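Me: I have a structure open and would like to go through it with you. Can we take it piece by piece?

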Amino acid sequence: MTDYANVGTTTPSSGRMLSDMEDVHEDHEQPHPIEEEQEEPEEEEGVMLALDSPQIQAALEACKILVIGAGGLGCEILKNLALTGFKEIHVIDMDTIDLSNLNRQFLFRPKDVGQPKATVAAEFVMQRVPGVKIVPYFGKIQDKDDEYYSQFQIVICGLDSIEARRWINAKLVEMIDEEDPQSLKPLIDGGTEGFKGQARVILPTINSCYECSLDMFNKPTTFPICTIANTPRLPEHCIEWASVLEWPRVWGKDTKYDTDNPEHISWLYRTATERAEKFNISGVTYSLTQGVVKNIIPAIASTNAIIAASCCNEVFKIATGSPYLDNYMMYTGNDGIYTYTFQHQKKPECPVCGQIAASAELDREMSLEDLIESLKERPDVQLKRPSLRTASKSLYMQAPPALEEATRPNLEKKLEDLIEAGEYITVTDVALPVSIQLKVSWKE
Amino acid sequence: MATEHVPSLKTQKYDRQLRLWAATGQTALENAKICLLNATSTGCEILKNLVLPGIGSVTVVDHTIVNETDIRTNFFLEPSNIGMSKAKATATLLKELNEDASVSFENKSASDLIHTQPEFFDVFSMVIATNLMEQDILALGDICHRTEKTLITVQSKGLAGLFRIQSPEHTIVETHPENMLDLRLGCPFQELEDYVDTIELDALDQTDHGHIPFIVVLLKYIHAWKQEHDGQMPSTYSERNEFKKLVKSGMRTPDEENFEEAVANVWRLSSTTTVEPSVRKILDDPEAQKLNSNSDSFWIITRAVKDFVDNEGAGQLPLAGKLPDMKSDTTNYIDLQNVYRKKALADLDSVKERVKSLLQEYNIPLDNIPESVIEVYCKNAATIKVIRYRTLREEYVSSPCTNSIVNWLKSDENIIFYILFRAAEKFANKHKRYPGAAGGSNEEEVGLLTEQAVELLKDLGVTDAPSSLLQSDFIKKCIKNYVRFSDQEMANMAALMGGLVSQEAIKLITRQYVPINNTCVFNGIASTSNVYNL
């Protein structure tokens, strides 16, 4: 009998998933299918054609789909789309297959460990479902350009990172050309964690986009550095100490640990244990060490099946001109079965899809450096290394090095010495393919 | 670097799910024996989600031969399978998903087995049946009820799906609630009071003052309040606000996080009992009072805990013993944690003694209830659950929920799919085919199906103009759509229902997390779901 004793359970939702829905409680009734925007090939509104009718089949065959992610959700999505009758599907994934994927990513077998997910997934489905063409790409979504993305009618994501979602969301918004209806690519996005998940339909610039809802998502748990350094209380603190403070001290700042290397994890586990013993803290295990260092999210086949199928349902409905989800479904399955379907509102001042610039009420005495820090912190903006400029000058540019050096002195200056009320600050950042406009006013 | 702690390959493979249900859950899965009746797309999708996480064994029962239509929506069939036994073909492709699971098949008719060979089901712990006809469902329900097995029946057509759980009494200790804290702030135990007394807040220097756990801070100020208020706790809204001000006044600097935590947790003071009404009901359940040598471990421990609560527990459950993180230095936090842990251990020992006495009293071997099981119960005592499922026979025949169904129909709920799936069963009985099997939209079919829906309502006991309940636009559209889907499964819905049913099966098998009671409808058109207790 295998000894699983050392793997601990975690309660789901440690801050990576959705926050309480209280503040986005839109007024909604049980939604009936939306009728207004759809072209109905049927005789009657809201009633559907038989699934194997020639019209439906033709609609599916004409629809080229892009699947982003060939992991837990991606495998399910490829299977569902192929069986539904879509004939040309492209799939992008930058990962290779790991042993811990096999409990749910069912297109992969032990012999495939180390191979690219996109390639293996494509081959499996094409072999099992004759007549479908699946074109894999082993690489990043950022490798592809507008020309690539414009060939698709619908994009469906099964990603595990907020950054990647923001990128593709912004890309599809940026590609909108008001003169060309074909430039509108619906984006169906799914995500899961343990027994929970969500599926949403994004029509870029028409309804709420991914960026519009950014503040719904809690930032991942981080521990204050003083706790890690001086007053640890939990086994997690000891693990953070080992990975954040002790590892660089012992191995040098330039040697990063590899979370997939069992030797590295073992070292971190032993180091964390020693520290815990010193402070009389119990509970450090190998499993917990892995969980903290890799930010592991529990995952099972059943939740992925539910969310992927919900997303594929929407793809089917959009492709065949039927009423579809408007626009967000949340799912929890740990206590009974609960779905909450609602319409998330588009933000007029959304930095990505909004028409108006976000307004920023700033403290005139604040330094530029502090402003940049606050932009990184803001849950509705969440930037990594922002560069700022106005119409007339660069305030602080992260690159190239010469410009960075030249604008570095501005960091210490007060905002009121650099900008005027009513001016627009343009913010650019690696996280987004679009820029953000902030209209400046002073706090009284 | 050495790697002696690296977990086994199997543990690595199952890592992501072990973090949800741990070793005990996994063992339960590996001991389960599941029977699937009818290798429909939905049925195969359910099994996929059980085979992947390592279910013990599954047996696929189906008597049909694979045809062209089958391979179009079932991922576990290939063109080369046409002409083969469907049970064999699907079992083969399911088996290769995970070499740990045992997958077998029986080329037999589910209906025949149910009516002529009920002992076939003896070896299984759970039966999952897709697209069965009504008389088969009832007969199978009777068999499973009699032999105390769990049964899940599933229907999936077009963009709608439904499933129903019938299970023997289902007790759950590990419900995994989102937030479970047992701090006893409103009803501190003696050892906690004693510990708090050893700390002199005012005598502490600046650093230490800001590093005392908020629990100690709160209890200190409660003492002070009680002295000024006749031994009473703050009880009204304004008193609690006054109390918050009192605590805030103790802050030496405006950024003492521990004091901020104290203020934020004042609301916990109003909780003076750990025994919620739902838990009290379980403690007082007749099953816990009338024990015998065949009593389930759950009820024996429940009785022990009830007796603990009513005696040395002084009205409280055994202490869970866990502390959340809080602003504090290491020593004070660990010391406080040890106070809680010690008390939790003492309570646990007390319960263990009581369990031992009960086992002896009823001549049950002591090994039957390992200490680890008692420990898990005590840690989760505040959130245990018991679900008692109505049988299918009660739902369909002896005591249908007529009034509830009528009310649901009036408020346009997804109950219409329940009506339609059941009406389709009656349709099949009468017309020897399923609605719309003639192909495509058909006014006459819609009329015939509506007729069966009215018949069903009459069967359910609706005497007052049953057909009037089916008049809304929404319901009429649902009936039309149902006919248009004819008898086809849709790959997406098969996958979605596969996810929902397998999830419930896993909860039932592992006895962790809370399954539904008892029917779930998923409306794939609107992307909504409902759970009904029918």
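Predicted model: local features only at pLDDT ≥ 70, side-chain atom pairs only at ≥ 80, totals over all residues.

Me: What is A:Cys226 in contact with?
Reply: Leaving aside neighbours within four places in sequence, A:Cys226 is in contact with A:Thr231 and B:Lys327. Contact means heavy atoms within 4.5 Å.

Me: What does UniProt list A:Cys226 for?
Reply: An unreviewed UniProt entry lists A:Cys226 for "active site". UniProt positions are given in the numbering used here, feature names are shortened, and annotations may be inferred rather than shown by experiment.

Me: Which residues does UniProt list for "domain: E2 binding"?
Reply: For that label, the unreviewed entry gives residues 360-443 of chain A. The end C-alpha atoms of residues 360-443 of chain A lie 9 Å apart, and the span is 20% helix and 25% strand.

Me: And chain A overall: how many helices and strands?
Reply: Chain A has 12 helices and 13 strands. Of the 444 residues in chain A, 56% are buried. Among contacts in chain A with a separation of 6 or more, 65% are between residues 24 or more positions apart.

Me: Now helix packing. At what angle do α7 and α9 of chain A cross?
Reply: Helix α7 (residues 235-251) and helix α9 (residues 286-294) of chain A cross at roughly 60 degrees, and their axes come within 10 Å. That makes α7(A) oblique to α9(A). Angles under 35 degrees count as roughly parallel, over 145 as roughly antiparallel, 65 to 115 as roughly perpendicular and the rest as oblique. Axes are lines fitted to C-alpha atoms, for helices over the stretch in contact, and angles run from 0 to 180 degrees between N-to-C directions.

Me: Is the crossing of α7(A) and α9(A) left-handed or right-handed?
Reply: The crossing of α7(A) and α9(A) is right-handed. A crossing is right-handed if the near helix is turned clockwise from the far one by less than a right angle, and left-handed if anticlockwise.

Me: Which residues meet there, α7(A) against α9(A)?
Reply: A:Pro235, A:Glu236, A:Ile239, A:Glu240 and A:Ser243 in α7(A) meet A:Leu288, A:Thr289, A:Val292 and A:Val293 in α9(A). By class, this contact has 5 nonpolar, 2 polar and 2 charged residues. Ala, Val, Leu, Ile, Met, Phe, Trp, Tyr, Cys and Pro count as nonpolar, Asp, Glu, Lys and Arg as charged, and the others, Gly among them, as polar.

Me: Where is A:Ala164?
Reply: A:Ala164 is in helix α5 of chain A, residues 162-174. A:Ala164 is buried, with a relative accessible area of 13%. Setting aside neighbours within four places in sequence, A:Ala164 is in contact with A:Ile141 and A:Leu159.

Me: Different topic: which way do phi and peptide bonds mostly go?
Reply: Most residues other than glycine have a negative phi, and most peptide bonds are trans.

Me: What about the peptide bond from A:Ala399 to A:Pro400, cis or trans?
Reply: The A:Ala399 to A:Pro400 bond is cis, with omega near -10 degrees. A:Pro400 is in the loop between β11 (394-396) and α12 (401-407) of chain A.

Me: And what is phi at B:Ala22?
Reply: Phi of B:Ala22 is near 55 degrees, a positive value in a residue other than glycine. B:Ala22 is in helix α2 of chain B, residues 15-30, and is buried at 16% relative accessible area.

Conventions. Residues numbered from 1 in each chain as written. Chains lettered and ligands numbered in written order. Heavy atoms only, no water. Helix = DSSP H or I, 4+ residues; strand = E, 2+ residues; numbered from the N terminus. Buried < 20%, exposed > 50% of the residue type's maximum accessible area, 1.4 Å probe, protein only.
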